[in-house]
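Colleague: I have a model open and want to learn how to read its features. Can we take them one at a time?

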Amino acid sequence: MSQTNGQTGGQTAVHHGRTLDLKLCIWRQPGPRAEGRMVEYDLPGVSEDMSFLEMLDLLNERLIAKEQEPVAFEHDCREGICGSCGMMINGQAHGPQLGTATCQLHMRKFNSGDVIEIEPWRAAAFPIVRDLVVNRSALDRIVEAGGYISVTAGAAPEANIIPVPKPVADAAFDAAACIGCGACVAACPNGAAQLFTAAKVAHLNLLPQGQAERFSRTEAMVERMEEFFGSCTFHGECEAACPKRISLENIVLMNGDYVRAKFKNRRLAGRR
Ligand code: SF4
């Protein structure tokens, strides 16, 4: 389970090298219905070797020492895998470094004297829980609608019985790299979740094992997505913000499969 209180459970590591004196402007909101506001903090002595989350740990240690409420932020693996650490940093999802989750962003990307604005994801589908923590469970609702293979597959078959061309395996693997962080939604001016949904659809639809439910899966996931999220106008901000560089091509694939699913339904209805 993700930790949300910003404490690492141990002492912050000792760092050497250049140190930065920063001013942080952080969104503080004590609860989902409470009013929020930006609060300024001076944070001197930040090592350039710290990750962005370690910098927030340092801030929280100092706030706790002064008996002030630490900043709530979500984190878990701190290795760019779990997708929990997303936040807006100076207006950019996951900050200024392309293809990098917040936990893998390092303070050497910033300069002493910088003012850093830190906000939660801003999207109607992601209500704020507290400070920088948002509820991203709308993404789980999309996966529940079809992000799985439900045919009984029996025992694991010999791998070479189902040959998968290398380019197809690579494309499926690239789509499967999506960590469900929600940066694509937060970066999209429409609050759309097309890139996330397309990644979850593509990693199954591209592989032989995913063919049996290909069209019903696509239809169910797209329509569940539309219950929660805005519509895609192919702005491309999602791809630019994605820490895993998920390609817009997955959206093209998903849209094609969705149209085919609808034609299939019409053909089947005509036979009844
Ligand atoms: S597509 Fe990229 S930005 Fe969107 S949830 Fe997946 S990893 Fe995060």
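Predicted model: local features only at pLDDT ≥ 70, side-chain atom pairs only at ≥ 80, totals over all residues.

Colleague: Where do the domains run, and how far apart are their C-alpha centres?

Modeller: Domain 1 spans 19–130 and domain 2 spans 136–271. Their C-alpha centres lie 30 Å apart.

Colleague: Now helices. What describes two packed helices?

Modeller: The angle between their axes and the distance between the axes. Take α2 (residues 137–144) and α6 (residues 214–228). They pack at about 155 degrees, with axes 8 Å apart. Angles over 145 degrees count as roughly antiparallel, so α2 and α6 are roughly antiparallel to each other. The crossing of α2 past α6 is right-handed.

Colleague: Which residues make the contact?

Modeller: From α2, A138, R141 and I142. From α6, M221, R224, M225 and F228. By class, this contact of α2 with α6 has five nonpolar, no polar and two charged residues.

Colleague: Next, the ligand. How many residues surround it, and which are the closest?

Modeller: The shell has 15 residues. C178, C181, A183, C184 and C242 are the closest. Two elements, α4 (183–187) and α5 (194–205), each give two or more residues to the shell.

Colleague: Which element gives the most to the shell?

Modeller: α5, with three residues.

Colleague: How does the shell around the ligand divide by class?

Modeller: Twelve nonpolar, two polar and one charged.

Conventions: Residues numbered from 1 in each chain as written. Axes fitted to C-alpha atoms, helices over the stretch in contact; angles between N-to-C directions. Helix = DSSP H or I, 4+ residues; strand = E, 2+ residues; numbered from the N terminus. Parallel < 35°, antiparallel > 145°, perpendicular 65-115°, else oblique. Left-handed = near helix turned anticlockwise from the far one by under 90°. Contact = placed C-beta atoms within 7 Å. Nonpolar A, V, L, I, M, F, W, Y, C, P; charged D, E, K, R; others polar. Near = placed C-beta within 6 Å. Domains from an automatic or database assignment.
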